[in-house]
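Hi,

Here is the structure for you to look at. Please open it first, then read my notes below.

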Amino acid sequence: MKRMISLLLTLTLAVSLFTNAAFAADSPKDGDTMVSLSFDGDKTEGFMIYTNGGSCDISNENESLCVTVTNPGLLDYSNQVYYDGFSLAQGCVYTYSFDISSDLERKAQYRIQLNGGDYHAYVEDNIDIGPDPVHIEKDWTMEDESDPAPRIVFNLGKFDGLDESTPEHHIYIDNITLVVKDASAAQAIESLPEYSQVALNQVGYRPSDSKTVFVKDETEEAVYTGFSVISEADGTEILSGTLTEPVYDKASWSHVRHGDFSDLKEPGSYHIEISGGSEPLISPTFEIADNIYDDLYKEVFLMLYRQRCGTETDPQITGTKFAHKACHTGLARVYGTDRTVDVSGGWHDAGDYGRYVVSGAKTVLDLLMAFEDFNEGSDDFGIPESGNAIPDLLDEARYEIEWMLKMQDPESGGVWHKVTCASFPGEVPPEEETDELILAPISITATADFAAVTAKASTIYKAYDPAFADTLYEAAKNAFAYIENTEDAGFKNPEDISTGEYPDSDTVDERLLAAVNLYLAGNEAVLDTLYAWYDEARESHKKDLLDPGLGWAKMNTYTVHDLATYAPGTLLDVTSDYLDRFFKDLDAMEERSVSDAYYMSLGKAYPWGSNMSVANNGMSWLMGNLFEGEKKDYIGFAKEQLDYLLGANALSTSYVTGFGTLSPLNPHHRPSQAAGAVMPGMLVGGPDSSLEDPYAKAVLSNSAPAMCYVDNTQSYSTNEVTVYWNSPLIYLLCGVVKSVES
C-alpha cells in the first residue's frame with residue numbers, strides 16, 4: 001500500500017549510522033603523559049629504523065637508545081629512527097623533552113611529524129650534539145588538525161661537516177617525554193566516521209539486476225524485520241518486503257539480514273526504509289536505469305588518462321584541478337652507471353609518480369582482455385585519441401606499451417624494473433617532482449611481463465598498425481632471449497632507492513606467461529622451452545605452480561585465459577592442467593561468497609589491496625563463464641563483487657571516488673592531495689586486516705577484518721589507489737554490462 005512520508009519525517013531521518021568499533025581517543029587533559037620512554041633494561045621501546053642511502057642500527061646501551069651510524073648518506077633523513085603509538089589534539093599545548101649525546105661532534109634533527117603525505121613537521125629543530133649530554137625541552141602548540149597517528153623522529157643522516165668519510169659513531173637518546181601542558185583549547189581526536197547499518201549498491205541497478213539490501217543487526221535478535229522501497233520523487237512506497245533471519249558474518253563481527261527487492265524495475269531514484277526498530281533506518285539513495293554504469297565506467301577508465309606521465313594533460317578531460325603540465329621528461333640514469341636513457345611516458349602507477357613495469361603489465365593485460373573477451377570497441381570515452389577508429393581501450397593501453405618499449409635495454413633485451421626518484425615525493429603535483437630519475441636494475445619479472453604483453457599486443461594491434469605490431473613482436477623475442485639466457489633472480493630495491501619495490505622471488509608464472517604468448521603469436525621455437533619450464537616447475541612447485549592469480553606477483557590466470565581462448569591442440573595437456581586448477585578455485589570462491597553475509601569472495605582474510613582481489617575474483621568468474629558458460633552461469637557472482645565495491649559491504653561505503661553517497665574523500669594520492677580535491681573514478685585499496693601502515697594500526701586495532709579501512713591520506717595500506725586496481729574494475733564493469741546486453 002502506497003503512503004506519503006511527511007516532510008518532517010524525511011528531514012528528521014538521516015542515513016542511519018553504525019559505529020565502527022575502533023579508535024576514538026579521549027580529549028587530553030592537563031598533565032596527561034602521551035609518551036614516556038626511559039629505555040630501562042635492554043629495550044629499544046618500539047623504535048624503528050628508516051634509511052635512504054645511509055646506514056645505521058639501534059640497540060640499548062646503558063639503558064639509552066643507542067644509534068650506531070656507519071654511513072650518513074646524502075640526506076638529513078638518510079638515517080632516521082622513529083617511534084609511533086600516540087596521538088595529538090589540535091589546539092593542545094605540549095611539552096616535548098629528551099636527552100641526547102654523541103661520541104662525535106655533529107648536528108641532528110628532532111621532529112614530531114605527520115606520518116604520511118608530505119611528512120611535514122608539527123615541531124622540529126636542528127641541534128648540535130656531542131659527548132656531553134644535552135637536555136632538549138620545547139613547548140609547542142598543535143596547530144594542525146588532530147592526528148591520531150603522528151610520529152616522533154630523529155633524523156641522523158647528512159648534515160654540515162658529515163660525508164662518506166665520516167667515521168662510525170654512536171648517538172645516545174634517553175628520557176623522551178611528551179606531556180600535555182594546556183588542554184583548554186584542545187579539540188577532540190576522532191579518526192573514523194560512523195557507518196550506515198544499511199548497505200546496497202549506491203550507484204544503482206539496471207531493471208533486470210538482482211537487488212539485495214543488507215542490514216546490520218547489532219545482536220542476534222532480529223530487531224529489524226521489514227523494508228520498504230521509497231521513491232525519492234514523491235515519497236511514495238513502491239515496494240515492501242520481509243528481511244531474512246540474521247546471519248552472523250565472521251568478517252565484520254555482526255549479524256546481517258537481507259532484503260530482496262529485485263522486483264523493483266521502474267527507472268527512478270529511491271531509498272530503502274528498514275522497519276522494526278525504535279525508529280526506521282534509512283539507506284543511501286540509489287538509481288534504477290538501463291545505463292546506470294555508463295558514467296562510472298567512463299570515469300574509471302579516464303583515471304588512466306589522468307595518470308599519464310610525460311605529457312600535458314587536457315583540463316577538459318581531466319577537470320581543471322587535475323590537469324598537469326608535462327612531467328618527468330628528463331633523462332633517467334641507469335642505476336650504478338652514468339648512462340642516461342629517455343623513458344618518458346607511461347602511467348603514474350599509484351598515489352606516487354613512480355612507473356613500474358610489472359604493475360603496468362597487469363593493467364595492460366586487463367585492458368587487452370576486456371577488448372578481446374567482450375568485443376569492447378568503444379571509441380568515444382573522450383581521450384585525445386577518441387574518434388580515430390581504434391578502440392579507446394587499445395589507445396590507452398598503447399600509451400603504456402610505448403613507454404614499456406623504452407624500458408627495454410636495446411643492448412641486452414632485458415627490461416628495467418622501474419623508473420622513479422630515489423624516494424617518494426611530498427604532496428606535490430607531478431610536474432613538481434624534479435629529483436633525478438633513476439632506472440632500477442633489470443629484472444626477470446619485468447622482462448617476462450614485458451615479453452608477455454608485447455607478444456600478446458602484437459597479435460591485437462596487427463589489425464590497426466602492422467608496423468607497430470612487428471615492433472612489438474621483435475621486442476618480445478629479444479626479451480624472451482634475455483630470460484632464456486639469464487640466471488633467475490627476484491628483484492630487490494637497491495639500498496638507496498626507497499620507492500615501491502614490487503619484489504617477486506618466484507618468476508615461473510611470468511616466464512610461462514611469456515612463453516605461452518610468444519607461442520600464440522606464432523613463435524613455435526619457444527615450445528621446447530615452454531615445456532621444459534613447465535615440467536621443471538611442476539616438479540619443484542607441486543600444486544603452487546597452477547595457483548590462480550591476476551596480480552603482478554602471481555599471473556597464472558592470465559595464462560589460463562590465453563590457453564583456454566587461443567591454444568591449439570599442441571598445448572591441450574597444459575591447458576587441461578591449468579583449467580582444472582582454475583575451476584577448483586572458482587568452486588572455492590563460490591563457497592566463500594555464499595557463506596559471506598555480503599556475498600564477498602575473500603572470506604575472513606582481507607589483504608592489502610583487497611578491493612583489487614574482489615575485482616580480480618569478479619574477472620575470474622566472468623572468464624569462467626566464457627570458458628564454460630553453458631555448464632554454469634557465473635555472471636551473478638561477478639555482479640555481486642561489483643555490488644560490494646560500490647557500497648554493498650560492511651562499511652556501507654562505495655570504494656570508487658566520486659560515486660555513491662559515502663565514498664573516499666582523502667585517498668593516498670598525491671595529485672588529489674596537491675589539488676585539495678579528490679580525483680573521480682579511482683578504486684581505493686579497501687580493508688586490510690593486517691593493518692600495514694602506522695595510521696591504520698593506530699585507529700583500526702580493534703576492528704573486524706571487513707572494517708579495517710580508513711579514509712585518510714596517511715593510510716596507504718587501505719586508501720591508496722593504483723592503475724592496476726582500476727583495470728580489473730574496467731574489465732568487471734565491461735563484462736557485467738556486456739554479458740547482460742548479450
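**Strand β8 and its partners**

Strand β8 pairs with strand β13, residues 169-182, in the antiparallel sense, over 9 bridges. In that pairing, Y94 stands opposite V180 of β13. Bear in mind that this is a predicted model.

β8 has another partner, strand β11, which spans residues 134-141. This pairing is antiparallel too, with 8 bridges. Here T95 stands opposite D139 of β11.

**The open sheet**

Five strands make an open sheet in the order β4-β7-β12-β9-β10. The pairing is antiparallel. Which strands sit at the edges? They are β4 (48-51) and β10 (121-129), and each pairs on one side only. From one strand to the next, the twist averages 20 degrees.

At the β4 end, 4 bridges join β4 to β7, residues 79-84. The two run antiparallel. M48 stands opposite Y82 of β7. As background, strands of a sheet pair through backbone hydrogen bonds, either parallel or antiparallel.

**Helix α5**

α5 covers residues 392-406, which is 15 residues. From its first C-alpha to its last it reaches 22 Å. That is close to the 21 Å expected at 1.5 Å a residue.

The helix is mostly covered, with 11 of its 15 residues buried. The buried set begins with a run: D392, L393, L394, D395, E396 and A397 are among its members. Further along, Y399, E400, I401, W403 and M404 are buried as well. For reading that pattern, an α-helix has 3.6 residues a turn, so residues three or four places apart point the same way.

**S663**

S663 lies in the loop between α13 (635-645) and α14 (670-675). Why does S663 count as buried? Its relative accessibility is 11%, and the cut-off for buried is under 20%.

What does the side chain of S663 reach? It reaches the backbone nitrogen of G658, at 3.4 Å. G658 is also one of the residues that S663 touches, once residues up to four places away in sequence are set aside.

Best wishes

Conventions
Residues numbered from 1 in each chain as written. Predicted model: local features only at pLDDT ≥ 70, side-chain atom pairs only at ≥ 80, totals over all residues. Heavy atoms only, no water. Pairing = 2+ DSSP bridges. Axes fitted to C-alpha atoms, helices over the stretch in contact; angles between N-to-C directions. Buried < 20%, exposed > 50% of the residue type's maximum accessible area, 1.4 Å probe, protein only. Polar contact = N/O pair within 3.5 Å; in protein donor to acceptor, adjacent residues only side chain to side chain. Contact = heavy atoms within 4.5 Å. Expected span 1.5 Å × (residues − 1).
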